[in-house]
Amino acid sequence: MLNLSACYFTIDNPLRWLDRWIHKYQHHQTARINQRDVEVWWTGRAEAALQSNQQLLIVELQLYFSCVVKKRVLFHRQVEFETTAVNHKIAVAFRPIASAVCDPREFALNHPAGKDLSQGLAAGMVPRRVEIDFRQGEWEGQFHY
């Protein structure tokens, strides 16, 4: 059965809005990706998690082209693609990706990567703002244009 809580049109839980109001994005730095400034904001919870961790947090901003376009934020410790340092604890990478297939079920479950569009026109679609939080032991993020 298809998991509708992870689909493109999911409505966010109203309690999450209250949590975001209480735990505001209060720390920020600016990074330069593809000749554009990107503001990276993170919460106090994220700052505490970053300070307690010795490893670099790599934030992948993925613009995923499939049947629909989806914005994804993925968190890594090591990657094989180019990143941009935000500070000594955070690095970001913007990666436009084309899906291998246009199957809604496969899209919702696996997000199959087909082609990296980092060298094409999609590389110019760099977001303006990134927001990072560390909530219930998990990294969360979103980006905006």
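A: Strands here are DSSP runs of E with at least two residues, numbered from the N terminus. A pocket is found on a 1 Å grid over the protein atoms alone, as an open set of points where a 1.4 Å probe fits, with protein on both sides within 12 Å along at least five of seven lines, and its lining residues have an atom within 4 Å of a point. The model is predicted, with local features needing pLDDT of at least 70 and side-chain atom pairs pLDDT 80 or more, while totals for chains, interfaces and linings use all residues. Residues are numbered from 1 along each chain as its sequence is written, and side-chain values use heavy atoms, with hydrogens and water left out.

In these terms, strand S6 gives the most to the lining of the second largest pocket, namely five residues. Strand S1 (25-33) and strand S6 (90-99) are the elements that give two or more residues to this lining. The lining comprises 16 residues, and those nearest the pocket centre are Ile33, Asn34, Glu82, Phe94 and Ser118. By class, the lining residues divide into seven nonpolar, five polar and four charged, where Ala, Val, Leu, Ile, Met, Phe, Trp, Tyr, Cys and Pro count as nonpolar, Asp, Glu, Lys and Arg as charged, and the others, Gly among them, as polar. The space in this pocket is about 290 Å³, a volume being the space filled by probe spheres set on grid points that are joined across faces, edges and corners.

How values were computed. Helix = DSSP H or I, 4+ residues; strand = E, 2+ residues; numbered from the N terminus.
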